[in-house]
Amino acid sequence: MLNEVELSLTTPVIRDEDAVFPGENWFFYWKTSASLWRSKLESMVGVSKVLVPLNWAFHSETGDSYDFAQEKPETDLKKLVGIAEEFGKEVVFLVPMSPCPFLPNGGLPPLLARTPMIDSKGKVQAFVDQEGSLHKMYSFFDPRVYRAYGKFTNELGSYFSQHGLACDVWGMDCGHVSLNGFQSTIKDHSSVYEQGFSRFLQAKRDENPDLDEVMTPDQEHRFGWEFQEVIRSIYADSCEQGLSGNWEGVLRVGFIGGSQDDFFRRVNQIDSIAAYSYDLLECLSLDALPSSVLLPTRLKKGVLGRMFDQLVNKSFSDYIFLRSGFEDETGVSFRPKRFFEVYDLRPDISPDVAGWADLGLWEYLQKYYSWCYADKGELEFSWNEEEDMEKIYFFHGINMTKNLFHNILKTFMSGGKVILNRSGLEREYLKKLEAFFLENDLDIEKVKVTTTLFNASLGEGRFLIFEGDDLLDLEDKKLHEFWHRLLRTFKTNHMMVIPPEGVQVAWRVRSCNTSELTYEEVRRLDIYNPSSYKRKFSFQLPPNFRLLKVLDEEKVTFKHGQKEVDIELLPEGSLSLDFGVFS
Amino acid sequence: MSERLSPLTVIYGPHKVASQIKGQEVMSLFNERGLVDEVQMEEVYLEQIGHAPEVLAEGMIGPFDDLEAIQKFSFSLCQNFGNSGVSLVSLERYNEILSDCYKAEDLKAKLEAEGNFLKNPDASKGNFFNKIFN
């Protein structure tokens, strides 16, 4: 069986430390007395950034009047920042922009928690926290809530500027991962959502009298997404305006243990380390910061704890918060290794249209390129000259807009590698593509591999176009073969490690230090066995991969020769291997 | 000796098509291992109803003509898995129970106590699915 289940027979007793530091260098300032902040923060040895989520309800009961150090000493954020600075730590504030799974009422001030959030079937939404408490969520679509939120961010911004607080503030889009990618907790189908949506549709009809009174499911889907984005932008704009000097942008935070499946397991007091470890890696591929805040402390002591420590605390957090200068400032830090950046269907496109999952891409990448990809989901692609042009970008033609089209061409012309599924691509863009190839005098190679592939090269850049709909009837094996043949032509310089069932592997990368100049880069392979079975496997070392170091061995037997590595992992076993890589 | 599994819990409610109620559906079907896998549910559904479900996802299946059909379906699953019984809770009641509970363990106890409970007298004998999946 894939999952390891653990039964908790007694109600866990939460230590004060665990409640205040729930994981990944988060600090819950409201869970302890302000007089203890100094000793608590001093105890965070080796931590340079402290993540502090802001608890809206702790500063206001009504959403109207606010307490920032006027009454409760624990609302004194200036004092908190000052103490952290004394110990050489930087505070990064996270302001929730959607219901918070770890807070009562999702973090809303009690007077604003009026309309319970419900899912598309009508079930009230709730989460189980690390203490086994149930937190019911309340709608962020309630106009009273988003009006009060504007006041909250204004008050917070004024407080920050009056007290000269220069800390970074990120908007926290809370969510969890599911089969459909990142699911924000803002999604709602409550009565206030329905009322707001009706008003939104009416406004659309007023704008466009040709719109039918009864919508097709596709239209409803598209407008539903548009309405959600409008409300989401109200929260983002409030933050940007209120906190302009401190505002850094929106950050997705994936709460492990927060899916529906987890909820019903956790109601039964069962946790699945296998599911959590998978979700953690999925979060990383979605560029969402994984958080273990909802999980009981006992689960974070074994392999799951090591995954959080190695992949999140010591790698991904820096990658997220120092993104602009990640390589330069911390030359020896590992960041996730990514060969691919995959853009899927926009959420306003009908769910009946085939996405990458239907074309077998995810399954293929997951098996052969274990998490070495960024799943950009519905996000919009924008070319950036600092982007790593070694990556391969995947796009759907049906998503094409003028802006995306130009960004794709810029990527290709800057040496980027683009794979475009032309199914659904409008004729206008097909013509523009043809014109672009002609104008630039590019030779187009045409190859028939299940579907017709068109390939253009320009310097380092490659542009490969195929018809995705031709793959829809293929069996999984044929799909794998297709992707294998296609991606092999890109020469990714990857060492394929296919772990046995239940074992997770992740790759990270860093630049070389002065003693490693024989290599182009150093890659770290992290191997974890969150299953409850012993697992054994081997893999071949390609000639351009040299094993440099074996580290963090836990419950593992490891052997290696010139060309092969043999690993035997006991349950909860793990290890990391560093490889010097050259061409 | 066969392991005696705790009850299945079924949350059911109206099956809506374009805002019109067209029968009932299972909105969440779970046991201590989480939501029940769609493949296992689909097999039992096909056998009982005779055609493919219109709604099918983890822990979610439908439509059914009425509550009786859901009871029959859930009980068949319960027999296949060897659960001690099945507790059926309406969507409305589930939301009320959830609103009144503050601890996960209380929610579990109340869903079992306050649902329409069908006992599986053969629970301790073991069964086909239980031997394969557990």
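pLDDT is the predictor's confidence in each residue, on a scale from 0 to 100. The structure is a predicted model, in which local features need a pLDDT of at least 70 and side-chain atom pairs count only at pLDDT 80 or more, while totals for chains, interfaces and linings use all residues. Residues are numbered from 1 along each chain as its sequence is written, and chains are lettered from A and ligands numbered from 1 in the order in which they are written.

**Exercise 1. Confidence**

Determine what mean pLDDT chain A and chain B have, and where confidence is lowest in chain B.

Solution. 
- Step 1: The mean pLDDT of chain A is 92, with 96% of its residues at 70 or more.
- Step 2: Chain B averages 89, and 89% of its residues score at least 70.
- Step 3: Helices (H or I, at least four residues) and strands (E, at least two) are DSSP runs, numbered from the N terminus. In chain B, helix 5 (residues 128-133) has the lowest confidence, a mean of 50, whereas helix 3 (residues 91-100) has the highest, 97.
- Step 4: Two residues are in contact if their C-beta atoms, placed from the backbone, lie within 7 Å. In chain A, pLDDT stays under 50 over residues 1-9, for which the model has 20 contacts beyond four places in sequence. It also stays under 50 over residues 324-330 of chain A, with eight such contacts.
- Step 5: Where pLDDT is low, the predicted coordinates should not be read in detail.
- Step 6: For the model as a whole, the scores are ipTM 0.90 and pTM 0.92.

**Exercise 2. The build of chain B**

State how many helices and strands chain B has, and in which pattern they follow one another.

Solution. 
- Step 1: Chain B contains five helices and seven strands.
- Step 2: Along the sequence, the pattern of chain B is β-β-β-α-β-β-α-β-α-α-β-α.
- Step 3: A residue is buried if 20 or more other C-beta atoms lie within 10 Å of its own, exposed if 12 or fewer, and partly exposed in between, with C-beta atoms placed from the backbone. Of the 134 residues in chain B, 43% are buried.
- Step 4: Among the contacts in chain B with a separation of 6 or more, 65% are between residues 24 or more positions apart.
- Step 5: A cis peptide bond, with omega about 0°, joins B:Gly62 and B:Pro63. B:Pro63 belongs to strand 5 (residues 60-64) of chain B.

**Exercise 3. Where the chains touch**

Identify which element of chain A gives the largest share of the side that touches chain B.

Solution. 
- Step 1: In the model, 20 residues of chain A are in contact with 22 residues of chain B.
- Step 2: On the chain A side, the elements that give two or more residues are strand 4 (126-128), strand 5 (134-136) and helix 8 (260-267).
- Step 3: Helix 8 of chain A supplies the largest share, six residues.
- Step 4: A:Lys136 is found in strand 5 of chain A. Beyond four places in sequence, A:Lys136 touches A:Asn105, A:Pro116, A:Val124, A:Ala126, B:Leu98 and B:Ser99.
- Step 5: A:Lys136 has 20 C-beta neighbours inside 10 Å and therefore counts as buried.

**Exercise 4. Buried or exposed?**

Decide whether A:Ala166, A:Gln269 and A:Asn493 are buried, partly exposed or exposed.

Solution. 
- Step 1: A:Ala166 sits in the loop between helix 5 (143-162) and strand 6 (168-178) of chain A. A:Ala166 is exposed, because it has 11 C-beta neighbours inside 10 Å.
- Step 2: A:Gln269 is in the loop between helix 8 and strand 9 (270-272) of chain A. With 20 C-beta neighbours inside 10 Å, A:Gln269 is buried. Although not a glycine, A:Gln269 has a positive phi of about 60°.
- Step 3: A:Asn493 lies in the loop between helix 15 (476-488) and strand 19 (504-510) of chain A. A:Asn493 has 16 other C-beta atoms within 10 Å, so it is partly exposed.

**Exercise 5. A strand in the open**

Explain why strand 21 (residues 535-540) of chain A is said to lie largely in the open.

Solution. 
- Step 1: Of the six residues of strand 21 of chain A, zero are buried, so the strand lies largely in the open.
- Step 2: Two strands pair if DSSP finds at least two bridges between them. Strand 21 of chain A pairs with strand 23 (residues 564-581) of chain A in the antiparallel sense, over six bridges.
- Step 3: Opposite A:Ser538 stands A:Asp566, in strand 23 of chain A.
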